[in-house]
Amino acid sequence: MPAHDNAYKNIFSHRQVVADLLTGFVAEDWVRAVDLGTLDKCSGSYVSDDLRDRQDDIVWRVRRGDEVAYVYLLLEFQSSADAWMALRVMVYVGLLYQDLIKTGEAAAPGRLPAVFPIVIYNGEAAWSARRDVAELVEPLPGGLTAYRPSLRYHLLDEGQTLVRAADNTVTDIIEIESAPDPDQVQAIIARIAKRLAGPQNTELRRALAVWIRRVVLQRLAPDADLPPATELAEVQAMLSGNVIPWNQRALEKGLRQGREEGRDGTGGRHATASAARPIASGRRRAPRRSRDRAGRRSAARRGVGGGRI
């Protein structure tokens, strides 16, 4: 599994993050009915008949009184929507149910617990795949429609969330991913560090620090020599001491190259602009949510477009 996937998975392996995900981004009655304090991470590795593991997904168990439900988190890091995601989800949920039966954890004899499959997607293009496996099956005459399988997944397409919950770790993750410059990242990290202060959040802060260091800072300063980080304070120091100076040096270098090309008559004003451009293009282009953020916020204030996923 790529380092990005591992770091992201580690974040969603914390109870607080999953609780924030459900309360902030799943506007359904059952979320208010369950006791999020009972969230318990389960084994997420299920082996199908062809011996392929599902180790990159996360399964959490939550209770409502004596009843048990399972939250199946499918972390999706593809650059485009997977047209067969609904089928994949159906297979994975089936493997989960088989495992619960084998281990004797089924809700009751002959009954299975509820499962809530959710796909978390952070690609640039809007998610366009069907969200129910029934929509993938060709309609057939003669009553065969009654035998068509049906299973729907919930989608969190980070780039399409217009209204985001306040004081929410998942909101912070979405915003820090789309932050176009180190100063904005610094401000978000300061907000996270303040809210997650205290020894009870040490491991979550560590997971966030590792993810920011490996993914976000590497995007902002791809050639900078960044030391390891296990605390948010270390990431903040890294931004001030490594990333921001790296960006400044790269910008100055680009401007110098542009001026030299201009003096040589090889490009003039356009050469100066293109020489400075690698500072922006040296990192991954900000996702569509970053490019349209101002317009979205304006639309959200006017009540345009809605706020639910």
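Before I talk about bridge partners, I need one definition: two strands pair if DSSP finds at least two bridges between them. I'm also keeping in mind that this is a predicted model.

**Entry 1: strands β1 and β2.** I started with strand β1 (residues 35-42), which pairs with β2 in the antiparallel sense over four bridges. I then looked up aspartate 40 and found that its bridge partner in β2 is arginine 61. Strand β2 covers residues 58-64, and five of its seven residues are buried, so I noted it as mostly covered, taking buried as under 20% relative accessible area.

**Entry 2: strands β4 and β5.** Next I went to strand β4 (residues 114-121), where seven of eight residues are buried. Which way do β4 and β5 run? I found them parallel, with four bridges joining β4 to β5 (residues 154-157). Isoleucine 120 has leucine 156 of β5 standing opposite. A reminder to myself: in a regular strand, side chains alternate between the two faces of the sheet.

**Entry 3: the nonpolar cores.** Which residues touch the most other members of the largest nonpolar core? I got Phe12, Leu21, Leu73, Trp211 and Ile212, out of 54 residues in that core. Helix α7 (residues 202-220) gives the largest share of this core, with ten residues. Apart from this core I found another one, of 21 residues, including Val89, Leu100, Tyr121 and Tyr153.

I wanted to know more about leucine 21. Leaving out residues up to four places away in sequence, leucine 21 touches Phe12, Val26, Leu73, Ile118, Ile120, Leu156 and Val170.

**Entry 4: helices α2 and α5.** I checked how helix α2 (residues 15-25) meets helix α5 (residues 169-178): the angle is about 85 degrees and the axes are 7 Å apart. The two helices are therefore roughly perpendicular to each other. On the α2 side I listed Gln16, Val17, Asp20, Leu21 and Phe25, and on the α5 side Thr169, Val170, Thr171 and Ile174. Sorted by class, this contact has five nonpolar, three polar and one charged residues.

**Entry 5: threonine 230.** My last stop was the loop between α7 and α8 (232-263), where threonine 230 is found. Is threonine 230 buried, exposed or partly exposed? Its relative accessible area is 35%, so I wrote down partly exposed. Beyond its neighbours within four places in sequence, threonine 230 is in contact with Arg206 and Ala209. I also looked up arginine 205, 25 residues away along the chain: its C-alpha atom and that of threonine 230 are separated by 7.8 Å.

How values were computed: Residues numbered from 1 in each chain as written. Predicted model: local features only at pLDDT ≥ 70, side-chain atom pairs only at ≥ 80, totals over all residues. Heavy atoms only, no water. Axes fitted to C-alpha atoms, helices over the stretch in contact; angles between N-to-C directions. Parallel < 35°, antiparallel > 145°, perpendicular 65-115°, else oblique. Contact = heavy atoms within 4.5 Å. Nonpolar A, V, L, I, M, F, W, Y, C, P; charged D, E, K, R; others polar. Buried < 20%, exposed > 50% of the residue type's maximum accessible area, 1.4 Å probe, protein only. Core = buried A, V, L, I, M, F, W, Y, C linked by side-chain atoms within 4.5 Å.
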